[in-house]
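Here is a short briefing for a first look. Take a moment with the sequence and the fold before reading on.

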Amino acid sequence: MLALLAALLLQPSAPADPSQCASSDSGAPDLRPRGSRPLHLAAVYCHQAAESDYSSFNPAVSPDGRMLASLSEFARRGRLTLLPLSGRTGTATLETNAGTFMRFAGFGGKPFFQWSDDSRFVWAARHPSQPAPGGWVTTPLQPVRLFPDGRVADLPRLAHPAGSLDGLLWVGGSGLALAKFGTQGGFYRPERPNPAPTIAIVDAARGRVLDAVRIEQILRLAGVPAGRAIYAQIRAAYVALRPDGRVRALLDVQDHWILWDQGRPPRLLPGLQAASRMGTHGFDGSNLLVMRPRAGFANACGGYHGPCPRRQPERGVWAELYDVASGRRLWSLYRDFDVRDSYSTPEISPDGNHALIALEPEESGERVALISMRDGSIVQILNAPSGRFAAGFTRNGSAIWVQSQDRTVSYRFARRR
């Protein structure tokens, strides 16, 4: 009976009319791609928006394109929800508790959940007990599998002499991850010592540490003093699987890039220094795709911040691609944009042929571009369904999705003749 129910939940529905979404209005954008190939509109799914007291909406569509996982955050709490794209409400929820541990790096990086390769469950983590008063935690992270029917299965505990498990960044969908041990003892009650903060490559499915290096060694490579808040010295972490199945990690350590291949010592990449300015990055193991606004974080405006000034677009570099090994800049994409224009994390396709990047907005709303990784040229432009959005490729590379809080738009690649 359960198998039948799960099968029914995972059945895709017919494309939905975007005007049926709760937050839509008569000015809903045209979701058809601009340009004839290679993408065509496949479906529009409408569902319940994330709860209003949570923010930092981080969605991910399953490899089979049928389910949506979204992580919402509020203060030091987090909530991971799974729902079928054909439904309007979630079928499974996981309270992850401490938001401080929800991202691997101090100031960036993706949240710690990842769909399994077969789309049956999500690799995630939680704190087994409720946070102590004030949001402090009492126990290390516990890796888990969250199933669409609501089941939560604990994975083997990950242990290392450096201390508690304090962060996970999943790599692919088989249970490999980048882990932090003994890095954030100050957020526990009672506090825990951090004598030798360490990052590690782990097989969480089997509870095994495959490789490890002390963060102090990485900071020395970058010429950065260890400091007290060592958890924040790594600003962002990006991970990919190499063709041989080993993990490759690229670490932004205070504007210095460190490359760490599983089974080898980490090394400094001085040639990538130009790619260290403020922005967001996409990484596929060989290339670093950089979104580079002229300014860092834009000054807040709108709402209680007061009206936003008129946009004043100027010509500048909007995105760049770098070869990781050599640090060589492969191409630059120039656009007319304002320093306050929003941008999302770029995504590179599994075959390395395309990428998805945000474009400067138009009066009609936010836009997404499918670009060629060969030269940075824009292949097609998509209108984001509404406001804040994220976009990505399915793991087999046959489709892409663009997600806003109450709708998901699916596009498929045309078959080559």
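How many bridges join E10 to strand E11? There are 6, and the two strands run antiparallel. The model is predicted. The points below start with the whole protein, then turn to two groups of strands.

**Overall picture**
- The protein holds 2 helices and 28 strands.
- It has 417 residues, and buried ones make up 51% of them.
- Take the contacts with a separation of 6 or more: 52% of these come from residues 24 or more positions apart.
- The accessible surface of the protein is about 18,900 Å². Carbon and sulfur atoms account for 50% of that surface.

**The sheet E10-E11-E12-E13**
- This sheet is open and has 4 strands, in the order E10-E11-E12-E13. Their pairing is antiparallel.
- Strand E10 (165–171) and strand E13 (208–214) are the edge strands. Each of them pairs on one side only.
- From one strand to the next, the twist averages 25°.
- Strand E11 covers residues 176–181.
- Helix H2 (residues 215–222) lies across strand E12 (198–203) and E13. The helix runs at about 45° to E13.

- Strand E28 spans residues 407–413. Of its 7 residues, 6 are buried, so the strand is largely enclosed by the rest of the structure. Buried here means under 20% relative accessible area.
- Strand E1 (residues 39–46) is joined to E28 by 7 bridges, and the two run antiparallel. Leu39 stands opposite Phe413 in E28.
- Strand E27 (residues 399–404) also pairs with E28 in the antiparallel sense, over 6 bridges. Trp401 has Ser410 in E28 as its bridge partner.
- The link between E27 and E28 is a hairpin through 2 residues.

**A point for reading the strands**
- In a regular strand the side chains alternate between the two faces of the sheet.

**To recap**
- E28 pairs with E27 over 6 bridges, and 7 bridges join E1 to E28.
- In the open sheet of 4 strands, E10 and E13 are at the edges, and H2 lies across E12 and E13.

Note on methods: Residues are numbered from 1 along each chain as its sequence is written. This is a predicted model: local features need pLDDT of at least 70, side-chain atom pairs count only at pLDDT 80 or more; totals for chains, interfaces and linings use all residues. Side-chain values use heavy atoms; hydrogens and water are left out. Buried means under 20% relative accessible area, exposed over 50%, partly exposed in between (1.4 Å probe, protein chains only). Two strands pair if DSSP finds at least two bridges between them. Axes are lines fitted to C-alpha atoms, for helices over the stretch in contact, and angles run from 0 to 180 degrees between N-to-C directions. Contact means heavy atoms within 4.5 Å. Accessible areas come from the Shrake-Rupley method with a 1.4 Å probe; for residues, only the protein chains shown count as cover.
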